[in-house]
Amino acid sequence: MKQHLVNLLPPATLVAIVCFWMFGPAAWLANEYTLVWVTSVTTAFVLGLEFLFERHEGWRMDWREFATDLFYVILGATVITWVTNVAAEEPLMAAKKALGIATPWAGRLPFLVQVVSVMAIIEFGQYWMHRLMHNSTPFWLTHAPHHHITQLNAMKGSVGNPIELFLISLSVLAFFDFSPTAKFCAISVNAAIAIYAHANVAANPPFFYAFFFTTIRNHSLHHSVPYEDTRCNYGNSLIFWDRVFGTFREGEASVVGQGDRKRLSIWEQTVFPLVPLVEAYKARKGQAS
């Protein structure tokens with residue numbers, strides 16, 4: 001009975017988030033900072049679950065892991081968000097205005113339909129970007145640091161090279177006139193799913209959840225040590241796209257990481273894409289000498 005209730009925690013969390021955005025105080029729902037608070041509370045809640053319902057002892061978080069993860073969560077909520085707005089969202093909005101594109105019908109759809117639509121649009125782009133990162137060397141170099149993590153925890157979805165964090169945040173959502181509250185709700189739900197999909201929580205959600213949404217079982221397989229095993233289950237939040245495009249694979253892994261499973265520091269993750277260039281330069285310099 002206890003395990004059954006634990007398995008229902010992810011879907012129950014999504015229901016709670018959707019209800020908040022549907023019925024919460026209007027002043028809160030109109031404030032974009034509420035999105036940060038909802039995601040923060042969700043993260044803290046799932047971190048607490050890791051202590052109560054641990055999945056793997058080897059993934060148990062220590063203070064060094066917590067500090068590193070927190071750094072990336074803050075980086076994503078501040079610098080990466082700002083860069084994405086300036087370099088992508090604002091130019092897309094300007095292009096939309098210049099081209100006279102308008103989709104007022106999107107904002108008139110039922111609230112839940114808007115939420116599902118926003119989730120699907122965001123995840124569709126992330127799926128193909130994520131898949132590209134595993135099948136193209138230049139993009140893999142930006143994404144590989146995320147796969148060098150040696151344990152999975154609630155905040156690990158935010159860990160990665162800054163270039164990758166920017167690329168994975170790109171979407172064409174700016175071209176659609178969904179209501180701001182529906183967008184906030186969809187982003188909150190996607191974030192909650194991704195948090196659970198990286199969390200060290202012994203929850204195996206029921207089929208009605210796992211068919212559509214990414215779970216720790218299938219996402220842990222994506223973080224396997226053998227590189228070929230990582231080329232599946234690309235969905236950050238919606239595993240449904242993997243089912244549609246044939247990249248879904250059943251399975252689970254308890255040992256994660258790449259190469260020799262060496263944990264990378266923040267600096268090593270930041271400069272990781274440049275390492276091959278530096279090594280090639282040194283090799284050419286050595287040959288010339």
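Me: Helices (H or I, at least four residues) and strands (E, at least two) are DSSP runs, numbered from the N terminus. What makes phenylalanine 124 part of a helix, then?

Reply: Its place is in α7, and α7 is the run 111-133. This is a predicted model, where local features need pLDDT of at least 70, side-chain atom pairs count only at pLDDT 80 or more, and totals for chains, interfaces and linings use all residues. Residues are numbered from 1 along each chain as its sequence is written, and side-chain values use heavy atoms, with hydrogens and water left out.

Me: What makes a nonpolar patch here, and which residues form it?

Reply: Patch residues have over 30% relative accessible area and no salt bridge; nonpolar side chains (Val, Leu, Ile, Met, Phe, Trp, Tyr) are joined within 5 Å, like charges within 9 Å. Phe124, Trp128, Val244 and Phe245 make a patch of about 340 Å². Helices α7 and α13 (240-245) each give two or more residues to that patch.

Me: Why is the contact between arginine 55 and glutamate 252 called a salt bridge?

Reply: The label needs a side-chain nitrogen of Lys or Arg within 4 Å of a carboxyl oxygen of Asp or Glu. The closest N and O atoms of arginine 55 and glutamate 252 are 2.9 Å apart, so the pair passes. Arginine 55 is in the loop between α4 (33-52) and α5, and glutamate 252 in the loop between α13 and α14 (266-271), so the bridge ties together parts 197 residues apart in sequence. The two ends get separate labels: arginine 55 is buried at 15%, while glutamate 252 is partly exposed at 36%.

Me: What about glutamate 65 and lysine 156: how do you know where they stand, buried or exposed?

Reply: Glutamate 65 has a relative accessible area of 5% and lysine 156 has 1%, so both come out as buried. Their side chains meet in a salt bridge at 2.8 Å, N to O. Glutamate 65 lies in helix α5 and lysine 156 in the loop between α8 and α9, so this pair ties together parts 91 residues apart in sequence.

Me: How many salt bridges are there in the whole structure?

Reply: The search finds 11. One of them joins lysine 262 and glutamate 268 at 2.9 Å, N to O. Lysine 262 is partly exposed at 38%, and glutamate 268 is partly exposed at 28%. Bridges with shared partners also link Arg55, Arg217, Glu250 and Glu252 into one network.

Me: Why call one space a cavity and another a pocket?

Reply: On a 1 Å grid over the protein atoms alone, a cavity is a set of points where a 1.4 Å probe fits but cannot get out, while a pocket is an open set with protein on both sides within 12 Å along at least five of seven lines; lining residues have an atom within 4 Å of a point. Helix α5 (63-99) supplies the largest share of its lining, 3 residues.

Me: And which helices line the second largest pocket?

Reply: Helices α2 (9-23) and α7 each supply at least two residues. The lining includes Leu14, Val18, Leu112 and Met119, around about 260 Å³ of space.

Key:
Areas by Shrake-Rupley, 256 points an atom, 1.4 Å probe, with all protein chains shown as cover. Points joined across faces, edges and corners; volume = space filled by probe spheres on them. Buried < 20%, exposed > 50% of the residue type's maximum accessible area, 1.4 Å probe, protein only.
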